[in-house]
Protein chains: 2
Amino acid sequence: MPYKNLFKHIDQKVTLTTEEKEVVFSFFRVKKLRRRQFLLQEEDICVDFAFVSEGLLKSYVLDEKGNENVNLFGWEGWWIADFQSFLFQTPATLAIEAMEDCELLLLSKENYERMLDEVPAMERYFRLVYERSLATKDQRLVHAQTYSAEEKYISLIAMYPELLQRIPQSLLASFLGLTPETFSRIKYKKK
Amino acid sequence: MPYKNLFKHIDQKVTLTTEEKEVVFSFFRVKKLRRRQFLLQEEDICVDFAFVSEGLLKSYVLDEKGNENVNLFGWEGWWIADFQSFLFQTPATLAIEAMEDCELLLLSKENYERMLDEVPAMERYFRLVYERSLATKDQRLVHAQTYSAEEKYISLIAMYPELLQRIPQSLLASFLGLTPETFSRIKYKKK
DNA sequence: CGGATCGTTGATCAACTTCAACGGTCGTGG
DNA sequence: CCACGACCGTTGAAGTTGATCAACGATCCG
């Protein structure tokens, strides 16, 4: 049942009729990824907006030295894409890679727009999703620019305790804009 | 004509009938602020989403040492608020202050929601606004976490050359998460 | 067993901050 | 109308945080 999580998510925000659900349904296609496979590579155009039905992915940029810099983790119930690239259909700067075997529901740019035309409730759904997303990103930006390494660590474990179980420490470090070494040192200082 | 800029902005994204425009119109109220006056103070609830019709504002957090950390500048044609506080009606962490005399169009949370119920096209309008905003914030976050001070400076002047004319250098520094001293040194190195 | 991956720890280093002083400009009040 | 203070940008010297480089141990898996 790949669509179960999606409709659960949608139902939390808007009400769709059975017919609308079927229309919405018809715009998606299922894609499975195995660990380490890519949903998107840098320089490609991000044609799909992905709803994570099962699994876990990361989006990141590589700097000139080859360091991964994680921008976002996406797990069950999250949307993931290179938004810039998806919206404007320009080459992506982010790569998106599966960290666990994944089941994704893909929505192409075309279908995204058609769906929004045909099902106005989805317009609201995405407005609501984006609102929350903006609030979170605002916060992350403030944290990134004002917090010390230690404060970032503390706020991470307060905000996403689940992540600690599921994601290698070095990637959490990267998500916070820290090196793995710094992350490790702080962790031990805190005990 | 305080509403001219707003409708120009809306017209770029969606089409409203004359009646719809009047409904939309009716939800806003005009507010003028003089330089240094506050639209929002920390700990207050952000009740209004503000469209900047004229002027320039900054939103920022104060750290424990009293340093301003600028999160956003808002000028003609931009929306500004403490989004977290506005959405969830929780105490604000951001302050919003006029840097020039301003004319604002305020939309209360209640009216925001009513407007979205009554004028579906506005649902689309905000969805489109948020899409672009998300793409930009994503980028800023990546820059904040991966760029050196010099790279941040370069990307700022490439992205917002107008800002250099209008905004004191020390605030641009803060916007980038740098000290004014560092900003100044880089500026001279680059010439 | 052998290799890859991940976290830890130590030593050194560099980028940026902090602290301090100074000079220029602008606006305001005496 | 001038003088003073506020504000802003610049410059230098010293300090700190976190990055870098390097080595090592543990675990997992084929």
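What percentage of the 191 residues in chain A is buried? Buried residues make up 36% of them; a residue counts as buried if 20 or more other C-beta atoms, placed from the backbone, lie within 10 Å of its own.

The model is predicted, so local features need pLDDT of at least 70 and side-chain atom pairs count only at pLDDT 80 or more, while totals for chains, interfaces and linings use all residues. Residues are numbered from 1 along each chain as its sequence is written, and chains are lettered from A and ligands numbered from 1 in the order in which they are written.

**View 1. Overall fold of chain A.** Chain A holds 9 helices and 8 strands; these are DSSP runs numbered from the N terminus, helices being H or I of at least four residues and strands E of at least two. The C-alpha trace of chain A spans about 55 × 30 × 30 Å along its principal axes.

**View 2. Contact between chain A and chain B.** Each side is counted in residues: 27 from chain A and 27 from chain B. Two residues are in contact if their C-beta atoms, placed from the backbone, lie within 7 Å. On the side of chain A, strand 5 (68-75), helix 3 (83-88) and helix 5 (120-146) give two or more residues. Helix 5 of chain A has the largest share, 19 residues. The side of chain A divides into 11 nonpolar, 8 polar and 8 charged residues; Ala, Val, Leu, Ile, Met, Phe, Trp, Tyr, Cys and Pro count as nonpolar, Asp, Glu, Lys and Arg as charged, and the others, Gly among them, as polar.

**View 3. Surface near DNA strand D.** Of the 16 residues around DNA strand D, A:S148, A:T182, B:Q169, B:S170 and B:S184 come nearest; a residue is near a strand if its C-beta atom, placed from the backbone, lies within 6 Å of it. The largest share of this surface, 6 residues, comes from helix 9 of chain B. By class, the surface near DNA strand D has 5 nonpolar, 6 polar and 5 charged residues.

**View 4. Helix 6 and helix 9 of chain B.** B:A149, B:E150 and B:Y153 in helix 6 meet B:T182, B:F183 and B:I186 in helix 9. By class, this contact has 4 nonpolar, 1 polar and 1 charged residues.

Key
A residue is buried if 20 or more other C-beta atoms lie within 10 Å of its own, exposed if 12 or fewer, and partly exposed in between; C-beta atoms are placed from the backbone.
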